[in-house]
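Here are a few notes to read alongside the model, for whenever you have a moment. I have grouped them by region.

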Amino acid sequence: MALILQRFRHLPREARDTLFLLAVIAWTILPHLSHLPLWCSLLTGVVLVWRAQLAFVNAPLPSRWWLVAVLIVATGLTLWSFRTLLGKEPGVTMAVVLMALKTLELRARRDAFVVFFLGFFIILTHFLYSQSLLVAAAMLVSVWGLLTALVLAHMPVGQPGLRQAASLAMRTALLGAPIMALLFVLFPRIGPLWGVPNDGVASTGLSNTMRMGSVAEVATDDSIAMRLRFHGRVPPPQDMYFRGPVLTAFDGREWKPLPPTPFRISAPLDLEVQGEPVRYEMTLEPQRLSVLPLLEASPTAPVIEGYRVTQHDDLRWTAGRPVFERLRFEAEAHTEFRHGPTQAGFALGDALYLPEGYNPRTLEWAAGLRADPRYASADARTLASAVLTHVRSAGYTYTLVPGSYGEEDPFGAIDEFWLDRRLGFCEHFAAAFVVVMRAMDVPARVVTGYQGTDPLPVDGYHIVRQSSAHAWAEYWQRGEGWVRVDPTAAVAPDRVMRSRNLAPPPGLMAGALGNMSPALLAQFRGAWETANNRWNQWVMNYSRGQQLDLLRHLGFRSPSWEDLSLLLIGTLSALSLAGAGWAWWDRHRVDPWVRQMERVRSALRLLGVDAATHEAPQALAARVRERLGQAGEALAQMLLAIDSRRYSRAAAKRPDTALTRRFSHTARQLRRNR
């Protein structure tokens, strides 16, 4: 490594600048590797390495016919990979290929400028895929590197150092930072002219369907699903149920929501709440569903700009369309509530259906429980209590890896769990509970969502992770309506009472840090999530509403877009005038050393000593001694001190104003004495 660095320092100027530019290009393209086709990544890497080797040995660049041939092949491969040359993925692929090939044409400064601007364009394309804090930080480094290369291209003479060019690029960028921040804060937030609807969506998350093991797959994901900031009372963990899809339809293998019908859409919402509401702010990460996982139960719709929020008769909230962006909104909930019809009706029939031929042994077990004299005429609450007692005492185990069910007998997956293996995650317990209750002629359904938060808040926010994904059940009790019951709490009470999720095996790096110091791992994770949360709250979630709130804080009573535009124009005009005034002052300001020597020469001329503009202080000291003799020795010594302060090895950055005043005072005294 030391040998490579030493050789790099002794390279010719052109080779050094080319290698630096290639390194910046490689850094800029690196985050795109997960999005580019394999052939594009390999081609780009080969071209950049080839161009670096040509720079090292100072070899001639290849013929342009070779570049045209490679471009034609790359265009054909892009068309083969995406079946089109239009769109985000093929466009980014072609931009990366073009920038890599353009490095083989760096024959003039004009070619370098094309590479620079292609690099800035590719920086923008990264935000089509991710707008995270990591990507933003990486792209800031890319911008700094490209600005440094641009500065080097404008310094064609001599051997300017990379540190000098990087420092100038940094200062230039910092000078533009206030304008950038002002435009970010005040420029009107207008909806995008185009959309990339699937960007930023979590790879896992809640689904509109549930099979045995589907929730366990989500629970292995430790990414953040949402953040909550409570205004006042924080509910205990056992009350934090965030309601997602309600799954009533069951075909023997998969649970699904009931399809919408005119009867269900027009059905009145039967909800009664008690106690003081829990008010909170939710920051919801992008997901694949239109369902909003709000804290149960929310009687009023949250206001979300650009979405039509609707509550359904099964108590779930939907946003009208899938949520592909991060949302921040205010909501409230009542953890004490009652909902659903209190008397039996036609609508409960779907919650009793069981497909024929599936899970016969479980149905027989439920029939045996119902035939017990103790439960022959029992109500739904008593039957549910009996089933939960069985879960507690029959040796069931709560595990994240229960294995697959129904492989040998597709018609008996719940039979295998309920009566044989008894290993399951929350969806196994919820699904089996609902089947058993339906077999005893009690309407029941599965509800999925999230349960609990991280034990400690981060930066004032309670974090709900994908690993908190949960499934529970509801049964119908005459006179009350739907009653929530969580069979998981019967076998793993800490999961619900203390939000202690089962942790999947950690990755290599996390496992190494955890083995060395679990506290260090937790501290590092908390610091990162704090920074990421502030990025999301202050930058990503900065909206039109917050802009208008800013105007209210500035004194506008009823702010509008006209006020925002006028404030932006006025501020930019004021900054422009200030910049013009600074430029005028900078052009007319006098160097302090020149100003000092002008005062010195004026004092000497009053004494009859000639002092030309080009003469240094040392020469003037000799002339003072010649003209004034011993009387001017004090002035000569001060002139020598000025000369030493400016031209010696220990020269100062600015003149000594006290010395200048003393020189003028001494000269005036000498003139009076004469």
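This is a predicted model: local features need pLDDT of at least 70, side-chain atom pairs count only at pLDDT 80 or more; totals for chains, interfaces and linings use all residues.

1. A definition to start with: two strands pair if DSSP finds at least two bridges between them. Strands (E, at least two residues) and helices (H or I, at least four) are DSSP runs, numbered from the N terminus. Residues are numbered from 1 along each chain as its sequence is written.

2. Look next at the open sheet of three strands, ordered 7-10-9 with antiparallel pairing. Strand 7 (291-292) and strand 9 (310-311) each have a single partner strand and stand at the edges, so one side of each lacks a neighbour in the sheet. Two bridges link strand 9 to strand 10 (residues 317-318) in the antiparallel sense, and glutamine 311 is opposite tryptophan 317 in strand 10.

3. Another antiparallel pair is strand 6 (residues 278-284) with strand 11, joined by seven bridges. Arginine 279 has glutamate 332 of strand 11 as its bridge partner. Which residues make up the covered face of strand 11 (residues 327-333)? They are Leu327, Phe329, Ala331 and Ala333, while Arg328, Glu330 and Glu332 form the uncovered face. In general, side chains in a regular strand alternate between the two faces of the sheet.

4. Helix 22 (residues 617-628) and helix 23 (residues 633-647) have axes that come within 8 Å and cross at roughly 175°. Axes here are lines fitted to C-alpha atoms over the stretch in contact, with angles from 0 to 180 degrees between N-to-C directions. The two helices are therefore roughly antiparallel (over 145 degrees). Contacts (heavy atoms within 4.5 Å) involve Leu620, Val624 and Leu628 of helix 22, among others, and residues of helix 23 including Leu635, Leu639 and Tyr647.

5. Helix 7 (residues 133-153) has 21 residues and reaches 30 Å from first to last C-alpha, close to the 30 Å expected at 1.5 Å a residue (1.5 Å times one less than the number of residues). Its buried residues (under 20% relative accessible area, 1.4 Å probe, protein chains only) include Val135, Met139, Leu146 and Leu152.

6. Finally, alanine 55 lies in helix 3 (residues 38-57). Alanine 55 counts as buried because its relative accessibility is 7%. Leaving aside residues up to four places away in sequence, alanine 55 touches Ala15, Thr18 and Leu19. Proline 12 is 43 residues from alanine 55 in sequence, yet 9.4 Å away in space, C-alpha to C-alpha.

Terms used:
Side-chain values use heavy atoms; hydrogens and water are left out. Buried means under 20% relative accessible area, exposed over 50%, partly exposed in between (1.4 Å probe, protein chains only). Angles under 35 degrees count as roughly parallel, over 145 as roughly antiparallel, 65 to 115 as roughly perpendicular and the rest as oblique.
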